[in-house]
Amino acid sequence: MTPLVAKFQIGQVVRHRHFPFRGIIFDVDPVFANTDEWYDSIPEEVRPRKDQPFYHLFAENDRTHYVAYVSEQNLVIDDSETPLSHPDIQDWFDETGRGRYELKKGVAN
């Protein structure tokens with residue numbers, strides 16, 4: 001079996017391919033690692049494969065902040081350079097400028 005390599009990394013800003021939200025990656029699962037109930041709640045016609053990396057995001061849209069769990073196939077790089085405003089980001093990351101983030105020293109996920 002070939003090991004999977006994540007396309008995105010912790011601290012990277014991404015946006016959802018189909019839905020209007022963006023976020024910063026704070027953890028990566030090499031394959032699906034959520035509940036079957038969560039997975040089954042996704043409509044079958046848009047349900048992602050389980051055999052790919054899944055990302056934990058501090059996510060936000062125009063109305064709210066939340067934590068999202070998103071498959072790699074549904075993410076793209078967000079190159080807008082617009083800073084994120086999710087309140088948990090400051091506990092995990094330092095902003096390095098132009099919408100880029102670096103994991104704080106001593107923070108382990």
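Biologist: How far is the charged end of Lys50 from the centre of the ring of Tyr39?
Modeller: The charged end of Lys50 sits over that ring, a term that requires NZ of Lys or CZ of Arg within 6 Å of the ring centre and within 35 degrees of the ring normal. This is a predicted model, in which local features need pLDDT of at least 70, side-chain atom pairs count only at pLDDT 80 or more, and totals for chains, interfaces and linings use all residues. Residues are numbered from 1 along each chain as its sequence is written, and side-chain values use heavy atoms, without hydrogens and water. From Lys50 to the ring centre of Tyr39 the distance is 4.6 Å.

Biologist: Which residues form one aromatic cluster?
Modeller: The whole structure holds 11 aromatic pairs (ring centres of Phe, Tyr or the six-membered ring of Trp within 6.5 Å). One cluster consists of Phe32, Trp38, Tyr39, Phe54 and Tyr69.

Biologist: How many residues of the lining of the largest pocket are charged?
Modeller: The lining has 17 residues, with His16, Phe19, Ile42, Val46 and Asn74 nearest the pocket centre. A pocket is an open set of points on a 1 Å grid with protein on both sides within 12 Å along at least five of seven lines, and lining residues have an atom within 4 Å of a point. Of the lining, 12 residues are nonpolar and five are polar. The number charged (Asp, Glu, Lys or Arg) is none.

Biologist: What is the volume of the largest cavity?
Modeller: The search finds one cavity of 30 Å³ or more, a cavity being a space where a 1.4 Å probe fits but cannot get out. Its lining includes Val13, Arg22, Asp78 and Arg98, and divides into one nonpolar, three polar and six charged residues. The volume, the space filled by probe spheres set on the grid points, is about 40 Å³.

Biologist: Which residue in the turn between E6 and E7 has a positive phi?
Modeller: Strands E6 (residues 93–97) and E7 (residues 100–103) run antiparallel and are joined by four bridges; pairing takes at least two DSSP bridges. Phe93 stands opposite Leu103 in E7. The two strands form a hairpin with two residues between them. The residue with a phi of about 50° is Arg98.

How values were computed: Phe/Tyr/Trp six-rings, centres within 6.5 Å; stacked < 30°, edge-to-face > 60°.
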